[in-house]
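This briefing covers one protein chain. Please look through the sequence and the structure before reading the notes below.

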Amino acid sequence: MAGALLQNRFYVAFAATAGAVAGFAVAKLVTSQNTTSTIVLKQEKPNDPVAPTPNHQERVQNKEENVYDTQKYVNEYLLLHYGEADEVLRHSFVPMDSLEFPRRVAKECLDAYSSIDKSKLPSRAFDVGCGLGRTTFELAREFEECIGLDFSQAFVDGCNTLQENGQMEYRICEEGDVHSTYIAKIDAQIDRTRTKFIQGDACDLPADIGQFGCVVAANLLCRLPNPYKFLERLPELVASGGLLVITTPCSWMTQFTPKENWLGGFYNDSKQPVTTFDTLKKHLGRDFTLVEEKNMRFFIRETARKNQWIVTQATIWHRK
């Protein structure tokens, strides 16, 4: 079998070269005879972020293609949000400080919120792209009303089950068809009646949703078809003096976002690299003051041996 594979297939390895820096990708093809050839693939850079993107109705019609509406992702994100250390980690050498990412995001919000004058702010928090709701629930320790919104109806259904029952059973793959069963639980000290979960589109938020003392968007931007539309709504959503917390791993993919709408990961007309952070500063700077920028780690378990370890960029902003 191995010999047949070597005779009939080639392996592709992508290498970063000076060509890639100039906006090209270089692919080296290695055949079974150890001969190589190089193909230069032109990488188109994004244009001005006004190109047509799927509207809200088109996104709703295509929801069956949303990977986040699958039971696999619901289970994996329940573990990400609520898993205990011995449930998430199967090996002693994995990064313990990468656990409970949604809780740590909420802590960043609450710590920053405790240091500002909130006497004139609405006691409302908005978790956009809430996933399975851990950040929303944690924010309810401080805020009287916490709204979690996600495009995935399956995620919202899970949040509502947790809101109603305080717990939810789920299964995680160990290997193949072998699974372990766990229970996600909400801290009994959290007033779940302060929370509300709705299905919605971050690129087409309800006009009457109001203002908030804190808005958080954790690992959302690079999964939107047009993140610029979301950024445009933020000055309206965050009350003057309020907080905005954004985290993003900057993992731009055309599967989710057309290249012309990427916030970063491309070269501008002057052949200079543009990062997501560059674009955030440019688009938010008029209405927000950057308070802090930092890296946050998190860990997603897929099976007992296959996992994702991710470093996301977190920024905290104060509404002028």
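The model is predicted. Its protein chain has 10 helices and 14 strands. Of the 320 residues in the chain, 47% count as buried.

**Overall fold**
- Among contacts in the protein chain with a separation of 6 or more, 68% are between residues 24 or more positions apart.

**Helix H9 and its surroundings**
- Helix H9 is made up of residues 227-237, and 8 of its 11 residues are buried, so that H9 is mostly covered under the cut-off of under 20% relative accessible area.
- The buried residues of H9 are Pro-227, Tyr-228, Phe-230, Leu-231, Arg-233, Leu-234, Pro-235 and Leu-237.
- The cover over these buried residues includes several strands, among them E4 (124-128), E13 (288-301) and E14 (307-319).
- Strands E9 and E10 also belong to that cover, as does helix H10.

**Packing of H9 against H10**
- Two packed helices are described by the angle between their axes and the distance between the axes.
- The axes of H9 and H10 (residues 276-284) come within 10 Å and cross at roughly 40°.
- The crossing of H9 with H10 is right-handed.
- On the H9 side, Tyr-228, Leu-231 and Leu-234 take part in the contact, and they meet Thr-279, Leu-280, His-283 and Leu-284 of H10.
- The residues of this contact divide into 5 nonpolar, 2 polar and no charged.
- Tyr-228, Leu-231 and Leu-234 are also listed among the buried residues of H9.
- An α-helix has 3.6 residues a turn, so residues three or four places apart point the same way.

**Asp-201**
- Asp-201 sits in the loop between strand E8 (195-199) and strand E9 (212-218).
- Its relative accessibility is 2%, so Asp-201 counts as buried.
- The Asp-201 side chain reaches the backbone nitrogen of Cys-203 at 2.9 Å.

**Gly-265**
- Gly-265 lies in the loop between strand E10 (238-248) and strand E11 (266-267).
- With 47% relative accessibility, Gly-265 counts as partly exposed.
- Gly-265 and Met-253 are 12 residues apart along the chain, and their C-alpha atoms are separated by 10.0 Å.

Terms used:
Residues are numbered from 1 along each chain as its sequence is written. This is a predicted model: local features need pLDDT of at least 70, side-chain atom pairs count only at pLDDT 80 or more; totals for chains, interfaces and linings use all residues. Side-chain values use heavy atoms; hydrogens and water are left out. Axes are lines fitted to C-alpha atoms, for helices over the stretch in contact, and angles run from 0 to 180 degrees between N-to-C directions. Helices (H or I, at least four residues) and strands (E, at least two) are DSSP runs, numbered from the N terminus. A crossing is left-handed if the near helix is turned anticlockwise from the far one by less than a right angle, and right-handed if clockwise. Contact means heavy atoms within 4.5 Å. Ala, Val, Leu, Ile, Met, Phe, Trp, Tyr, Cys and Pro count as nonpolar, Asp, Glu, Lys and Arg as charged, and the others, Gly among them, as polar. Buried means under 20% relative accessible area, exposed over 50%, partly exposed in between (1.4 Å probe, protein chains only). A polar contact is a pair of N or O atoms within 3.5 Å; within protein, one must be able to donate a hydrogen and the other to accept it, and residues adjacent in sequence count only if both atoms are side-chain atoms.
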